[in-house]
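Work through the following exercises with the model open. Each task is followed by a solution in steps.

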Amino acid sequence: MKARLLISAIALLGITSAVNAQNSLIINTEQGKKTINRHIYGHFSEHLGRCIYGGYWVGENSSIPNTRGIRNDVVKALKDLKIPNLRWPGGCFADEYHWMDGIGPRDKRPKMVNTHWGGVTEDNSFGTHEFLDLCEQLDCEPYICGNVGSGSVEEMSKWVEYITFDGESPMANLRRQNGSEKPWKVRYWGVGNESWGCGGNMTPDFYSDQYRRYATFCRNYGDNHLYRIACGANGGDYNWTETLMKNVGNRMNGLSLHYYTVPKNWGDKGSATQFSDDEYYTTIEKTLYMDELLSRHSTIMDRYDPQKRTGLIMDEWGTWYNVEPNTNPGFLYQQNTLRDAIVAALNFNIFNAHCDRVKMANIAQTVNVLQAVILTENEKMLLTPTYWAFYLYKVHQDATLLPLSLTCDKYRRLDAVSASASKDASGKIHITLVNIDPNNAQTIDTQLYGFTAKKVSGKILTSAKLTDYNSFDKPSTVGIKDFTGAKLANGKLTVNMPSKSVVLLEIE
């Protein structure tokens with residue numbers, strides 16, 4: 001009776017975290033067989049708003065410190081994330097982009113209208129050479145998306161030749177004339193983008209035929225072997241995946257999938273920084289739908305490809321809100337709160353869990369667009385909460401996924417805790433944990449089978465409010481700090497997580 005009275009008194013005082021049930025996490029450290037492909041932590045940058053121009057590219061004559069026109073501060077920040085790849089030039093822009101407009105002397109390149117994104121003039125000053133220079137500066141792999149919607153087989157075939165052929169040919173000689181004697185290595189090649197929508201409004205059967213035709217002429221030159229990625233489904237369009245797997249099969253190396261977390265609806269997506277508890281819950285619920293999407297698309301792919309030779313490529317994902325007030329609606333500029341960091345971390349845990357099929361993922365987008373990791377304003381630059389989620393999770397790149405079993409408390413109808421674990425090449429174990437509950441702390445009792453833990457250290461990403469974000473006036477409101485809530489005793493690990501937090505643990 002006294003215990004019941006005590007619990008009632010605590011509840012009346014609002015101290016709900018004190019009565020949360022213990023959460024149990026079991027990790028089998030010797031049973032890992034799958035590798036978390038580093039390309040799951042990839043990025044996407046489109047000619048959209050201020051992503052390319054002002055985000056990466058300022059030109060050689062800019063007062064902003066740059067290397068051959070590319071911002072030094074942005075390059076350093078992304079290198080610190082160890083970004084593995086960068087998808088370009090779109091997006092919807094890819095299927096109206098004609099690559100030959102973006103080569104040669106910049107003052108002679110033709111201008112075009114960016115019809116998809118704001119109707120602004122695209123001067124093509126950032127083209128193939130600039131993009132591949134950017135990837136070299138970032139030490140990441142380029143992922144180029146070719147034009148199927150308004151382009152031609154010849155145009156795409158020549159682009160591959162221009163970039164990757166080392167012999168004597170019109171395209172290779174044109175590349176040399178434009179200043180690049182040696183070809184580049186470009187492995188990832190997308191054959192069209194969103195062909196079911198802005199990339200041509202095609203049916204899956206029609207696109208299947210187009211893919212087979214285009215991919216035939218995307219040739220391997222020398223030791224550059226293309227990883228050809230077919231346009232995949234929009235969210236839960238399982239018929240698209242079924243049709244592509246049936247009609248294209250082993251002619252593709254990867255099949256893409258796009259899914260965005262939209263808290264409300266496409267007409268009114270909700271504010272990036274002002275949202276209710278119910279809107280936060282819906283955001284998390286819609287984010288967790290990613291697990292069902294990957295499971296169901298993978299099941300279809302498994303029927304045609306039980307050896308899992310074809311990768312599922314989640315090359316557009318992230319939150320999508322209303323644009324910030326008084327900004328161009330075609331520029332898709334939105335702020336980025338602690339809520340977005342939690343969304344990113346949840347997606348990473350899901351991608352890791354599906355790493356036997358998911359071989360790449362690309363957040364939309366890297367700079368100044370949608371769920372960006374970096375925001376810029378002239379010479380200023382800041383790192384968003386999503387950036388810090390990427391920073392914590394980079395430890396999983398190319399590590400061995402460790403099987404785990406998690407029993408946890410509930411936040412409304414959802415599991416309050418999400419987890420992922422891996423072992424790196426040095427034998428260290430990393431555990432990433434997300435507490436989605438905005439009000440209650442979580443205590444997690446963890447057993448590491450097959451591993452004698454001697455030392456634990458950690459980092460935490462959280463803030464006072466879910467709506468907290470980094471601004472140019474206050475760029476450090478949300479960031480990472482040392483985490484001291486993990487304790488080892490008698491071989492058992494106990495983790496005390498604050499509400500609304502992301503935690504990385506390193507165990508030796």
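The exercises below go from the overall fold to the cysteines.

The model is predicted: local features need pLDDT of at least 70, side-chain atom pairs count only at pLDDT 80 or more, and totals for chains, interfaces and linings use all residues. Residues are numbered from 1 along each chain as its sequence is written, and side-chain values use heavy atoms, with hydrogens and water left out.

**Exercise 1.** State the secondary structure content of the protein and decide how compact the protein is for its length.

Step 1. Take helices (H or I, at least four residues) and strands (E, at least two) as DSSP runs, numbered from the N terminus. The protein then has 10 helices and 28 strands.

Step 2. Compare the radius of gyration, 23 Å, with the globule rule, which gives 23 Å for 508 residues; the values are close, so the protein is as compact as a globular protein of that length. The radius is taken over C-alpha atoms, and the rule is 2.2 Å times the number of residues to the power 0.38.

Step 3. Along the principal axes, the C-alpha atoms fill a box of roughly 85 × 50 × 45 Å.

**Exercise 2.** Describe burial and contacts in the protein.

Step 1. Buried means under 20% relative accessible area, exposed over 50%, and partly exposed in between (1.4 Å probe, protein chains only). By this count, 57% of the 508 residues are buried.

Step 2. Count contacts (heavy atoms within 4.5 Å). Among those with a separation of 6 or more, 74% come from residues 24 or more positions apart.

**Exercise 3.** Find the disulfide and say which parts of the chain it ties together.

Step 1. Look for a pair of cysteine sulfur atoms within 2.5 Å. The structure holds one disulfide, joining Cys92 to Cys198 with S to S at 2.2 Å.

Step 2. Cys92 lies in the loop between strand 6 (85-88) and strand 7 (112-114), and Cys198 in the loop between strand 10 (188-191) and helix 6 (204-216), so the pair ties together parts 106 residues apart in sequence.

Step 3. The torsion about the S-S bond is about -90°, so the disulfide is left-handed.

Step 4. Cys92 is buried at 11% relative accessible area, whereas Cys198 is partly exposed at 29%.
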